[in-house]
Amino acid sequence: MILNLLMMMAPEAAGKAAEGAGKAAEAAGNAAASAAPGMPSAEAIQGLHKFPVEAPHSWATLPQASTFAEGVDTLYLFIVALSVFFFVLVMGAMFWFMHKYRRLSPDQKTSSITHNGKIEFLWSAIPAVLLVVIFIWGEIDFVKQTAPPSDAIDIRVTGQKWSWTVEYPDYPGKILTSNNVEPRVTMIVPKGRPIRLTMTSRDVIHSFYIPAFRVKRDVVPGRYTNMWFEPTQVGEFNLFCAEYCGDQHSRMTGIVKVVEPELFEDILADYAKLEPNEGESMADFGGRIYSIRGCNACHSTDGSAKVGPSWKGLWGKTESLADGSSITVDGADGENYLKESILDPNAKVVSGFAPQMPPYAGQLSDQHIEALIAYIKTLK
Ligand code: CUA
């Protein structure tokens, strides 16, 4: 309501600012698409904050895009309003008493004050009642958020440094991976259907956070955590990792795409599709797999070192391995080495890199691996 008031006082300026932000985000999106891999540009980082769906009010930064959003916002505004009310009350009383009981002459003595039982009771009882109200209100929303309906669509989320893998057990073979390449779609869900996420981590603690849905939950190695939501708006919404998990933490982002329920299966199949397009070369297909399956999170194609060795110039190169031996990535041996490194990455680790790549056995077919190898061969 305070924000509403501000809005009433300066609607023009606020509207303009929102419009300007939208334009900047659009430009940043374009910049991000053409930016070189490695560290993102300032524009690209700004682009991560674009919210393609309109916020409910021009002063708000976040759309209310799930059934939880309004409840969370209402409680939040209630707490803010309550805090402002008591801030004004306490500060006002303080300044008024400072003036009223100021020292009037140099020899004036402070009167003897003992205590006032009634006031002391009230200043404990009133805040206590208010806190209980906030607790019960919050608890009702919290319980709602922790109990997914039984007809929810199951989605499994795996966090790892520094990407998300999203699998659909009800739709076998459909896997999406976050990667910082447009269109950055990491999860596709139908509007108006409850979605239940079962989440775990391969390495450290991450946190799965979709601000527009007002949901956030830790993703912990060695155990499963649950989260659910029901999207109410079609559109694209930002997804963030909200737990510092290493130096690429801020790039562990993605987009949750909410679609009309009748289009859901088609769109999911389209985004998760991993078949060569008609007339597409194996190398081009491999290039798509590289970004769709998130290889790009750890392997650059421009020679820069990321979590894993760069793929640029990999074919034909002699790699020294952590065990002291070396291998020339060429011919049949080279192909076998690359295939083994995809299916069982810890078998031969390149010296200087930590053995932290997840095995892709069962996630990529022989055709996918052939395509990836064909793509690697083109990266001279
Ligand atoms: Cu994953 Cu921060």
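Phe-285, Gly-286, Gly-287, Ile-289, Tyr-290 and Ile-292 of helix 7 are buried (20 or more other C-beta atoms within 10 Å of a residue's own, with C-beta atoms placed from the backbone). The model is predicted: local features need pLDDT of at least 70, side-chain atom pairs count only at pLDDT 80 or more, and totals for chains, interfaces and linings use all residues. Residues are numbered from 1 along each chain as its sequence is written.

Helices (H or I, at least four residues) and strands (E, at least two) are DSSP runs, numbered from the N terminus. Cover for the buried residues of helix 7 includes strand 3 (175-177) and helix 9. Just after helix 7, Gly-294 has a positive phi of about 80 degrees.

Helix 7 (residues 282-292) packs on helix 9 (residues 366-378) at about 100 degrees, with axes 7 Å apart. Axes are lines fitted to C-alpha atoms over the stretch in contact, and angles run from 0 to 180 degrees between N-to-C directions. The two helices are therefore roughly perpendicular (65 to 115 degrees). Helix 7 contributes Met-282, Ala-283, Phe-285, Gly-286, Gly-287, Ile-289 and Tyr-290 to the contact (C-beta atoms, placed from the backbone, within 7 Å). Helix 9 contributes His-368, Glu-370, Ala-371, Leu-372, Ala-374, Tyr-375 and Thr-378.

Strand 5 (residues 195-201) pairs on two sides, as tabulated. Pairing takes at least two DSSP bridges.

| Partner of strand 5 | Bridges and direction |
|---|---|
| Strand 1 (residues 153-160) | Seven bridges, parallel |
| Strand 8 (residues 225-229) | Five bridges, antiparallel |

Met-199 of strand 5 is the bridge partner of Val-157. Arg-196 stands opposite Trp-228 in strand 8.

Notes. Angles under 35 degrees count as roughly parallel, over 145 as roughly antiparallel, 65 to 115 as roughly perpendicular and the rest as oblique. Two residues are in contact if their C-beta atoms, placed from the backbone, lie within 7 Å. A residue is buried if 20 or more other C-beta atoms lie within 10 Å of its own, exposed if 12 or fewer, and partly exposed in between; C-beta atoms are placed from the backbone.
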